[in-house]
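Please keep the sequence and the structure in view while reading.

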2 protein chains.
Amino acid sequence: MSEISLSGAKVLISGGLGLIGSALARRLLDFDCDVLLIDSLNENFGGNLFNIEGIRDRVRVNISDIRDLHGLRDLLRDCELLFNLAGQTSHMDSMSAPFEDLEINCVAQLSLLEACRQINPRVRIVFAQVYGRPQYLPVDEKHPVQPVDVNGINKIAGESYHILYHDKHRIHSTVLRLTNTYGPHMRIKDARQIFMGIWVRNLLEGRPIEVWGGQQRRDFLYVDDAAEAFIAAATTPATVGKTFNIGGADVISLADLAALMATPSNGAIERKEFPFERKLIDIGDYFTDDSAFRTATGWRPRVGIKEGVDRTLAFYRANARHYV
Amino acid sequence: MSEISLSGAKVLISGGLGLIGSALARRLLDFDCDVLLIDSLNENFGGNLFNIEGIRDRVRVNISDIRDLHGLRDLLRDCELLFNLAGQTSHMDSMSAPFEDLEINCVAQLSLLEACRQINPRVRIVFAQVYGRPQYLPVDEKHPVQPVDVNGINKIAGESYHILYHDKHRIHSTVLRLTNTYGPHMRIKDARQIFMGIWVRNLLEGRPIEVWGGQQRRDFLYVDDAAEAFIAAATTPATVGKTFNIGGADVISLADLAALMATPSNGAIERKEFPFERKLIDIGDYFTDDSAFRTATGWRPRVGIKEGVDRTLAFYRANARHYV
């Protein structure tokens with residue numbers, strides 16, 4: 001494929017009003033991109049119109065569900081670059097409402113790829129993916145993907161379609177498997193997007209942070225680093241047809257993370273044992289080997305966990321009312 | 001779980017009019033099972049009413065599609081044992097009609113498991129699965145499942161749901177990953193079920209067998225051995241929640257298999273190079289390590305390729321008119 005130039009590119013972001021989508025939109029404006037955001041604003045997902053406060057008059061927004069193929073086809077027709085970030089992210093919801101997860105994370109992904117194949121086969125696609133429970137650490141790309149919930153199974157199918165449509169239909173797709181991504185504009189109403197969201201809310205509202213377990217070590221990817229990873233993937237032809245892991249700057253235990261977040265404001269922390277049904281789908285330790293992506297693109301995460309958490313808490317101290 | 005006794009058991013077989021389903025039905029009658037066969041008789045799949053010729057008055061048949069959840073729920077309600085064999089099997093069709101494959105091999109499987117969870121959580125399930133392109137040989141259960149087509153992706157999701165519903169919802173499911181299964185009652189109209197089908201048809205109709213490539217080595221599972229494997233799985237509690245490979249008695253190259261089939265009747269063989277779009281989804285060599293299943297159940301394949309091919313050709317010499 002030819003080199004993608006971001007400058008002035010027509011870009012579509014599905015899930016564009018979410019945590020990563022809105023950060024990406026903001027960054028793409030630096031390259032004078034023509035940015036179209038699609039988002040369902042499904043109340044259980046990560047989309048929030050306040051996430052584009054300040055850039056709202058510089059992007060186009062189309063509120064629709066990626067399950068609506070008819071509308072999507074028209075929006076896809078002349079886009080050059082598709083950041084495909086829409087998804088149902090809640091592991092718990094995927095177990096209680098498995099068909100909604102299936103429709104969004106699996107069926108709609110196949111619909112979208114079929115639409116691209118039929119009407120816009122030259123579009124460049126970067127797809128966001130997640131992992132299940134790791135068998136060894138750090139998790140590299142050879143690690144078998146072991147789903148521990150319906151969400152995991154459907155996300156694997158969605159990822160596989162993207163790679164298959166490259167291999168068989170020459171669609172220029174790249175899959176990025178992200179570790180826990182956090183930052184300003186994440187969902188804090190509950191833990192549906194990331195557990196750190198509900199921690200932030202509890203801290204701000206004077207309730208203790210509930211730490212389930214606490215020994216689990218994880219890496220955390222600051223949202224601006226995630227956005228840069230998507231841009232690096234889209235503009236590096238060598239990433240086409242491949243799957244890469246994207247990790248965070250630091251690995252930290254959940255207990256230490258809770259202390260980092262609560263201590264500055266004298267917030268309380270409550271350590272808890274997992275109840276049975278949550279333990280079944282907890283993934284335990286998780287951290288990433290993203291050396292393949294660093295080598296391919298030169299990208300690396302730049303925002304450490306301390307700085308990222310400080311920026312995040314500062315954002316929600318000013319703006320929490322738009323998120324709860 | 002408690003030991004399953006086959007004697008008099010209420011058994012449902014989805015895809016019950018197909019190659020394996022009908023052989024299994026016949027065998028289950030030896031145990032006085034109450035056998036209900038569900039089959040869509042979709043003209044592109046393997047179902048054929050002639051497959052139950054001779055036992056038709058001893059089984060119940062319900063012509064319906066497993067995508068029809070309402071009908072399925074009622075049929076599932078009091079079954080003790082479910083052999084879940086219904087599926088879209090054509091790799092080529094899965095690429096040209098990806099949504100039908102998705103609905104049957106993925107969506108309907110989740111529907112069926114949800115129905116079991118809700119109305120019959122004690123049912124014992126054995127699910128049939130297939131593999132993609134192998135990375136090493138023989139293929140054991142640790143082998144990563146690498147889909148090479150839409151069918152492969154959806155079958156993996158279907159398999160994963162079965163294991164997940166065991167792990168999380170205590171549904172008693174076992175997954176059997178079958179190698180190429182053949183024998184009397186297979187589809188011979190075309191290569192949609194197995195390429196050996198069209199070879200049989202061409203031989204009988206005086207046309208040459210077309211061998212694409214020919215060096216590929218495969219193992220072949222005779223249908224009665226496959227049926228015994230399903231019965232062994234269902235009656236061995238230690239197989240619950242697990243995935244097993246099921247191989248055939250012999251490994252043979254496609255060129256040698258063609259000779260084995262054509263020589264007795266002086267049939268012609270035509271060696272051909274793969275056209276581009278077929279090579280993309282051919283899986284090359286494939287043979288199985290099924291030692292885990294042999295150890296767990298005592299099962300082993302008993303019908304060698306020579307005997308199996310002879311029986312198969314004899315069956316179609318007498319009955320081809322019901323299959324073309």
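Predicted model: local features only at pLDDT ≥ 70, side-chain atom pairs only at ≥ 80, totals over all residues.

Where helix α2 of chain A passes helix α4 of chain A, the crossing is right-handed.

**Helices α2 and α4 of chain A**

- Helix α2 (residues 69-76) and helix α4 (residues 98-119) of chain A have axes that come within 10 Å of each other and cross at roughly 45°, which makes α2(A) oblique to α4(A).
- On the side of α2(A), the residues that take part in the contact are A:Leu69, A:Leu72, A:Arg73 and A:Leu76, and they meet A:Ser111, A:Leu112, A:Ala115, A:Cys116, A:Gln118 and A:Ile119 of α4(A).
- Sorted by class, the residues in the contact of α2(A) with α4(A) comprise 7 nonpolar, 2 polar and 1 charged.

**The interface of chain B and chain A**

- In this interface, 27 residues of chain B are in contact with 27 residues of chain A.
- The two chains bury an area of about 2,200 Å² between them, and carbon and sulfur atoms give 77% of that area.
- Of the area that chain B buries against chain A, 25% is supplied by B:Phe99, B:Ile153 and B:Lys168, which is more than any other three residues supply.
- How many salt bridges does the rule find across the interface of chain B and chain A? The rule finds 0 salt bridges there.

**Helices α6 and α8 of chain B**

- The axes of helix α6 (residues 195-204) and helix α8 (residues 254-262) of chain B come within 11 Å and cross at roughly 35°, and this crossing is right-handed.
- The contact joins B:Phe195, B:Met196, B:Trp199, B:Val200 and B:Leu203 of α6(B) with B:Leu254, B:Leu257, B:Ala258, B:Met261 and B:Ala262 of α8(B).
- By class, the contact of α6(B) with α8(B) holds 10 nonpolar residues, with no polar and no charged ones.

**Helices α6 and α11 of chain B**

- Helix α6 of chain B also packs with helix α11 (residues 305-319) of chain B, at an angle of about 55° and with the axes 11 Å apart, which makes α6(B) oblique to α11(B).
- The crossing of α6(B) and α11(B) is right-handed, and the contact is made by B:Val200, B:Leu203 and B:Leu204 of α6(B) together with B:Thr312, B:Leu313, B:Tyr316 and B:Arg317 of α11(B).
- The residues in the contact of α6(B) with α11(B) divide into 5 nonpolar, 1 polar and 1 charged.

Methods: Residues numbered from 1 in each chain as written. Chains lettered and ligands numbered in written order. Heavy atoms only, no water. Axes fitted to C-alpha atoms, helices over the stretch in contact; angles between N-to-C directions. Helix = DSSP H or I, 4+ residues; strand = E, 2+ residues; numbered from the N terminus. Parallel < 35°, antiparallel > 145°, perpendicular 65-115°, else oblique. Left-handed = near helix turned anticlockwise from the far one by under 90°. Contact = heavy atoms within 4.5 Å. Nonpolar A, V, L, I, M, F, W, Y, C, P; charged D, E, K, R; others polar. Buried area = accessible area lost by both parts, 1.4 Å probe. Salt bridge = Lys/Arg side-chain N within 4 Å of Asp/Glu carboxyl O.
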